[in-house]
Amino acid sequence: MPESLPPSVYTLPQTAQLEALYTIIRDKETSRGDFLFYSDRIIRLLVEEGLNHLPVLPKTVVTPTGATYEGVGFEGKICGVSILRAGEAMEAGLREVCRSVRIGKILIQRDEETAQAKLFYSKLPPDIEKRYVLLLDPMLATGGSAIKAVEVLKEHNVPEDRIIFVNLIASPEGLRNFCGKYPSTKVITGWIDEGLNEKAYIIPGLGDFGERRYCS
Amino acid sequence: MSVPAEVQEEKDQVKLLEPSRPPMSRTVSNTLNPGCRSEILLQAKKNTVLKSHGRPPWYDEDGKAIHDAFVIGIAGGSASGKTHVARCIVQALGSIPTVVILSQDSFYKKHGPEDLKLAFQNRYDFDHPDAIDMPLFAACLADLKAGRQSNIPIYSFKDHNRLDETKYLYGAAIIIVEGILALHDPDLRDLYDLKIFVQCDSDLMLARRIRRDVTERGRSVDGILEQYLRYVKPAYDNFVQPTSRYANIIVPGSDNTVAIELIATHVRRKIEDRSRYLRQHLARIGPMDLDLKEPVNRCFPNLTVLRQTPQLLGIFTILRDRNARRADFIFFTDRLSTFLSEKAMEFLPYKPKRVTTPVGSTYVGKQLAVDHVCGVSILRSGGPLERGLRRVIQDISIGSLLIQSEDSTGEPLLLHLMLPTCIRQRHLAARSFVFLLDAQIGTGAAAFMAIRVLLDHGVPQENIIFVTFIVAAAGGVRVLRRAYPGVRIVCGALDPVLRESWALWDTVALGQDQGDSEKRDVGTGTPTAKTREEAESEGRKVWVVEPGIGHIGECL
């Protein structure tokens with residue numbers, strides 16, 4: 001793990017059990033069924049962690065036995081935005097934790113002429129500027145598409161600091177690029193890997209997440 | 001000769017015994033209770049744990065077993081009336097929690113092809129001591145006597161051989177062993193607390209044998225006599241009759257009601273002595289003698305409380321709210337139970353594993369390093385945690401323990417258990433990890449009993465991970481620590497208060513302002529008490545955790 005992590009980056013607790021989950025999904029011999037099950041478990045943990053960065057307000061309730069409990073109430077509306085197509089895989093995990101959450105979609109692909117990330121399609125909740133946004137993309141490699149996605153969200157009047165970017169694996173380069181550009185957007189990542197190879201794949205990584213999840 | 005009882009029969013047995021449940025009393029003086037119960041007990045099945053009500057605690061406040069089971073050995077000639085004597089004793093004992101009648105017939109040796117041929121020709125000497133697997137018999141009995149589980153063999157008289165499956169037995173307070181050679185083996189004899197020989201005239205035994213084999217087994221008188229003269233009579237004279245000298249009591253094979261009454265009185269007194277001992281010790285378990293000054297995390301290093309994140313606090317705020325909607329309650333217990341299960345998984349051992357990723361890199365990660373993992377849920381309130389556990393290990397087997405509080409004393413009773421196979425088998429249990437599930441630890445009485453059950457089966461303390469929503473800091477968690485320092489507890493919240501209350505009072509009184517059926521359905525199971533007086537007259541005391549989340553079984 002790199003020594004100087006940008007302050008806006010949060011990782012899951014690096015336990016042996018989390019490492020074991022990653023070992024399964026990294027293994028190229030892992031069956032698609034297991035890949036689905038174990039990546040879902042990580043996604044659930046990530047979403048739970050991501051939600052912790054939403055605001056809460058003090059709230060006092062009376063318990064069934066008549067005692068009072070000074071707790072907190074959830075505050076602020078949220079929505080999910082997945083970066084197609086791999087990000088879609090994280091929607092189910094979000095829905096398991098937040099029932100009937102609204103989810104928007106963004107399709108970003110590399111423009112072959114300019115080698116820049118280009119927006120092809122977006123469908124976002126109409127009142128998105130009033131919501132906290134959980135941006136979902138499983139792999140943060142170069143950070144190109146995530147940066148583009150935040151740009152799109154900002155065009156829809158979502159403030160940077162209301163966006164929480166959730167991913168399974170990040171590269172140090174990607175984190176540096178993304179956080180350099182949007183320092184006030186929080187990044188929740190499960191694991192930070194060694195780096196990128198010449199084809200901009202994360203190593204050791206887990207290959208193409210969407211490919212393994214949907215096609216292999 | 002008996003064929004081992006089947007599981008269905010065991011269920012029927014329990015069902016039949018329940019309606020006439022005797023007063024919950026661990027002293028047995030007033031419980032000789034003739035009537036419909038006696039009929040049932042007279043037909044008591046062998047090799048089955050019979051129970052008239054739940055099993056009270058069999059351990060002290062340090063978690064150590066207080067005493068072994070009381071073992072009675074009954075020998076005597078074939079058709080001398082051993083089984084009858086055994087059943088009469090069971091009947092005369094009245095409301096003894098758990099009794100098992102163990103039959104020597106289960107322990108016939110596994111036959112090779114030659115013996116098998118002889119057996120089918122009626123040329124195999126079943127009455128000779130060599131026909132019995134005495135070491136296995138003694139080992140099974142020693143396990144049961146020490147309160148451990150045992151998987152006894154099943155012998156099929158149809159196939160003349162031992163079956164591959166075994167019969168799982170656990171938790172008998174009294175064990176009655178019956179068989180013609182029950183007093184023959186010195187190792188077996190050492191295990192008996194009381195040795196009985198049933199003495200009967202040879203001609204009476206022969207007469208009974210002929211009648212039984214003709215009517216029940218459709219055999220010819222000639223065949224019966226040939227077998228009798230060739231095997232039964234010599235074995236009786238040479239091996240069975242001589243063991244009568246080891247007996248503490250010789251009981252006549254007929255007209256023996258006085259003898260049985262004497263034996264039952266003796267056994268009752270022995271058991272009663274033990275009960276008093278037990279109650280005295282258990283009375284000291286409770287939150288009263290606990291030192292509340294020590295902080296819990298120092299006092300209980302094996303207690304893990306989830307990180308108190310905003311989301312977790314928010315979830316608990318919803319669960320604790322008495323006006324929470326039922327749907328919300330279900331959804332958020334589910335979410336919390338998944339999170340707790342993930343946390344609990346961290347306490348399993350892991351070992352390094354090297355894999356190759358699809359991009360061709362090598363990655364040295366981790367892999368679970370356990371042979372068997374299972375769950376055991378304490379019914380009913382452990383149920384909500386099962387779904388969370390299944391989200392984490394899809395195909396995990398989850399057993400159950402039904403533990404309820406005795407109304408008058410509040411002490412726990414073990415009513416039923418169904419454990420995963422990896423715990424039933426002792427050699428697997430030693431290598432199994434168990435997630436024990438219950439909604440909360442208040443007084444800790446149920447948790448205490450459940451852990452004792454697992455330890456009895458050979459699961460090491462360090463392999464038990466107790467998963468629960470709430471632990472009462474002032475409650476039994478400290479007693480658990482003292483008794484079972486190796487057990488890990490994972491919980492969502494640590495609540496400060498544990499207080500005694502009347503069962504029907506709090507929930508109903510507070511539930512009155514809830515007209516909306518969409519609201520959380522508190523107190524559905526006990527809607528009778530309208531006033532505090534009514535609740536008190538019901539006489540059931542409970543311990544309430546505060547702030548707590550109410551009675552989870554009723555909320556779901």
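Reader: Which residues line the second largest cavity?
Author: This is a predicted model, so read everything here as computed. From chain A, the lining takes A:E48 and A:N52. From chain B come B:R307, B:T309, B:Q311, B:L312, B:I315, B:R335, B:L336 and B:F339.

Reader: Which elements give two or more residues to that lining?
Author: Helices α11 (310-320) and α12 (326-345) of chain B.

Reader: How much space lies in there?
Author: About 80 Å³ in that second largest cavity.

Reader: And the lining by class, what does it have?
Author: Four nonpolar, three polar and three charged residues.

Reader: How many cavities does the count come to?
Author: Six, taking those of 30 Å³ or more.

Reader: OK, switching to the interface. How many residues does the contact take from chain A and from chain B?
Author: Chain A gives 45 residues and chain B gives 54.

Reader: What area is buried between them?
Author: About 4300 Å². Carbon and sulfur atoms give 61% of that area.

Reader: Which residues in chain A lose the most area to chain B?
Author: A:P64, A:T65 and A:F74. Together they account for 16% of what the chain A side buries.

Reader: How many salt bridges does the rule find across that interface?
Author: Seven between chain A and chain B.

Reader: What does A:R99 form a salt bridge with?
Author: With B:D328. The closest N and O atoms of A:R99 and B:D328 are 2.8 Å apart.

Reader: Why can side chains pair like that?
Author: Opposite charges can pair when the charged atoms come close.

Reader: Now inside chain A. What does the side chain of A:R44 meet in a salt bridge?
Author: The side chain of A:E96, at 2.3 Å from N to O. A:R44 sits in helix α2 (residues 32-51) and A:E96 in helix α3 (residues 91-97), so the bridge ties together parts 52 residues apart in sequence.

Reader: Is A:R44 buried or exposed?
Author: Buried, at 8% relative accessible area.

Reader: What about A:E88 and A:K105, how do their side chains meet?
Author: In a salt bridge, 3.2 Å from N to O. A:E88 is in the loop between β4 (78-84) and α3, while A:K105 is in strand β5 (residues 102-110). The two residues are 17 apart, and the pair links distant parts of the chain. A:E88 is partly exposed at 26% relative accessible area. A:K105 is also partly exposed, at 22%.

Reader: Last one. Where is A:V81 found?
Author: In strand β4 of chain A. A:V81 is buried, with 0% relative accessible area.

Reader: Leaving aside sequence neighbours, what is A:V81 in contact with?
Author: Setting aside residues within four places in sequence, its contacts include A:G104, A:I106, A:L124, A:I128 and A:L153. A:V133, A:L134, A:L135 and A:L136 are also among them.

Reader: And what separates the C-alpha atoms of A:V81 and A:K105?
Author: 5.3 Å, with the two residues 24 apart along the chain.

Conventions:
Residues numbered from 1 in each chain as written. Chains lettered and ligands numbered in written order. Predicted model: local features only at pLDDT ≥ 70, side-chain atom pairs only at ≥ 80, totals over all residues. Heavy atoms only, no water. Salt bridge = Lys/Arg side-chain N within 4 Å of Asp/Glu carboxyl O. Helix = DSSP H or I, 4+ residues; strand = E, 2+ residues; numbered from the N terminus. Buried < 20%, exposed > 50% of the residue type's maximum accessible area, 1.4 Å probe, protein only. Contact = heavy atoms within 4.5 Å. 1 Å grid on protein atoms, 1.4 Å probe; cavity = no way out; pocket = protein on both sides within 12 Å on 5 of 7 lines; lining within 4 Å. Points joined across faces, edges and corners; volume = space filled by probe spheres on them. Nonpolar A, V, L, I, M, F, W, Y, C, P; charged D, E, K, R; others polar. Buried area = accessible area lost by both parts, 1.4 Å probe.
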